[in-house]
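Please write a short report on the structure shown below.

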Amino acid sequence: MAKKVAIIGASGYTGGELLRWALMHSEMDVSQITSERFAGQAATKLNPNLRGFTQLAFTPVKELKNDVDAIFICTPHKTGAQYVKQFFETGVKIVDLSADFRLHNKDTYAKYYQEHPHPDLLQHAVYGLPELHREEIKKAKLVACPGCLATSIILPLAPLVKAKLISVEGIIADSKIGSSAGGAGFDISTHHPERQGGVRSYKPHGHRHTAEIEQELSAINGAPVSVGMTPHGIEMVRGIMSTVHVRQTGKLADIDLWKAYRSFFTGSPFVRLVKDQQTLYRYPEPKPVVGTNFADIGWELDQEKGRIIIMSAIDNLVKGSGGQAIQNFNLMNGFDEKMGLWQPGFHPL
Ligand SMILES: NC(=O)c1ccc[n+]([C@@H]2O[C@H](COP(=O)([O-])OP(=O)(O)OC[C@H]3O[C@@H](n4cnc5c(N)ncnc54)[C@H](OP(=O)(O)O)[C@@H]3O)[C@@H](O)[C@H]2O)c1
């Protein structure tokens, strides 16, 4: 029998995307979706792409029942924690897409967000990046889905850090990100006339996702890893393109990187290595991954400067949130990790 699931915060962009995948998943039965602002209204009012696929209407969160097998939390950070607390003891499997349980250390959480309201629960959360924590996710009751920028930066770095092929000092990630990453809420700075045609650096250093990037890479390295990350909002709705600049520890050949990536991502169906001068798209870029759960990774060695330039592309609403949440749900329930997610993107788009 299909698993009964509910989505808290389904009127937002990640909730809407998660609903799209969940409705098409053969082992998921979406029983409830919540929104305060749109309570009583049809899901298709906000998600016209789902017309003909669902009759669900939004309910207020206080009417949420706990007779479900799994719950997805798609609310802003600082609000997700209360729902994790509410459902944790019920035995319901929880997939939290907010940032509230991504960081293991409550002091780091306090530095980047606020005092953690339920630090006692942090120890139960597994960082939901299947390519790093597949076995722990399978056993977890609470999975904290990674940030979208973090996903696009941790995945291309993890194999090289593990193989000790790069210096863990002075890593620089430069990311371009689409407007849907800011959520469905309105802000004058993201209003169309302000954003159209723009390329905007909005947090040159100290972005919150830096904390989870360093947490995960330091754990792989067994010692601190330092990463600087600068995101830029660009004129694109979905997608992230991260270009990561690192220094080689010794003189590397291309084959060394192929080996490191292939070995690390064996058994990880959603990571594709993209590096081919003969193809239409030589390196990763967002368009071929939009609407899919793939993370495309490519690189080039700059032997003259001793650098490696690594490129990675994901859809922030799929591998960066809603799709990754389904991938985690699949693992937590013993399903094939590809279930309901195995599809290519559009071309041309
Ligand atoms: N957008 C992305 O690319 C992305 C990627 C990875 C992770 N995330 C994370 O995912 C979460 C959701 O992001 P989003 O972009 O989907 O945001 P969003 O579009 O602004 O949607 C937020 C949702 O949360 C609900 N909500 C707000 N406060 C609530 C509360 N106190 N209790 C219950 N529901 C509440 C809203 O419902 P109402 O209708 O009631 O207002 C809405 O459904 C955030 O934590 C974000 O950091 C986002």
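## Domains and ligand

The ligand lies between domain 1 (3-146 + 318-332) and domain 2 (149-314), because both give residues to the shell around the ligand. The domain bounds come from an automatic or database domain assignment. This is a predicted model, in which local features need pLDDT of at least 70 and side-chain atom pairs count only at pLDDT 80 or more, while totals for chains, interfaces and linings use all residues. Residues are numbered from 1 along each chain as its sequence is written.

Of the 32 residues around the ligand, Gly-9, Gly-12, Glu-36, Gly-183 and Ala-184 come nearest. A residue is near a molecule if its C-beta atom, placed from the backbone, lies within 6 Å of it. Helix H1 gives the most, with three residues. Helices (H or I, at least four residues) and strands (E, at least two) are DSSP runs, numbered from the N terminus.

The C-alpha centres of domain 1 and domain 2 lie 24 Å apart. Contact joins 20 residues of domain 1 to 25 residues of domain 2; two residues are in contact if their C-beta atoms, placed from the backbone, lie within 7 Å. On the domain 1 side, helix H4 (106-112), helix H5 (130-139) and H10 each supply at least two residues. The largest share of that side, six residues, comes from H10.

Ala, Val, Leu, Ile, Met, Phe, Trp, Tyr, Cys and Pro count as nonpolar, Asp, Glu, Lys and Arg as charged, and the others, Gly among them, as polar.

| Group | Residues by class |
|---|---|
| Shell around the ligand | 13 nonpolar, 17 polar, two charged residues |
| Side of domain 1 that touches domain 2 | 10 nonpolar, seven polar, three charged residues |
| Contact of H6 with H10 | one nonpolar, five polar, one charged residue |

## Helices H6 and H10

The axes of helix H6 (residues 148-162) and H10 come within 8 Å and cross at roughly 100 degrees. Axes are lines fitted to C-alpha atoms, for helices over the stretch in contact, and angles run from 0 to 180 degrees between N-to-C directions. H6 and H10 are therefore roughly perpendicular to each other, a term for angles of 65 to 115 degrees. Cys-148, Thr-151 and Ser-152 of H6 meet Lys-319, Gly-320, Ser-321 and Gln-324 of H10 in this contact.

## Asn-66

Asn-66 lies in the loop between strand S3 (58-59) and strand S4 (70-73). Asn-66 is exposed, with 12 other C-beta atoms within 10 Å; exposed stands for 12 or fewer such atoms, buried for 20 or more, and partly exposed for counts in between, with C-beta atoms placed from the backbone.

Technical notes:
Angles under 35 degrees count as roughly parallel, over 145 as roughly antiparallel, 65 to 115 as roughly perpendicular and the rest as oblique.
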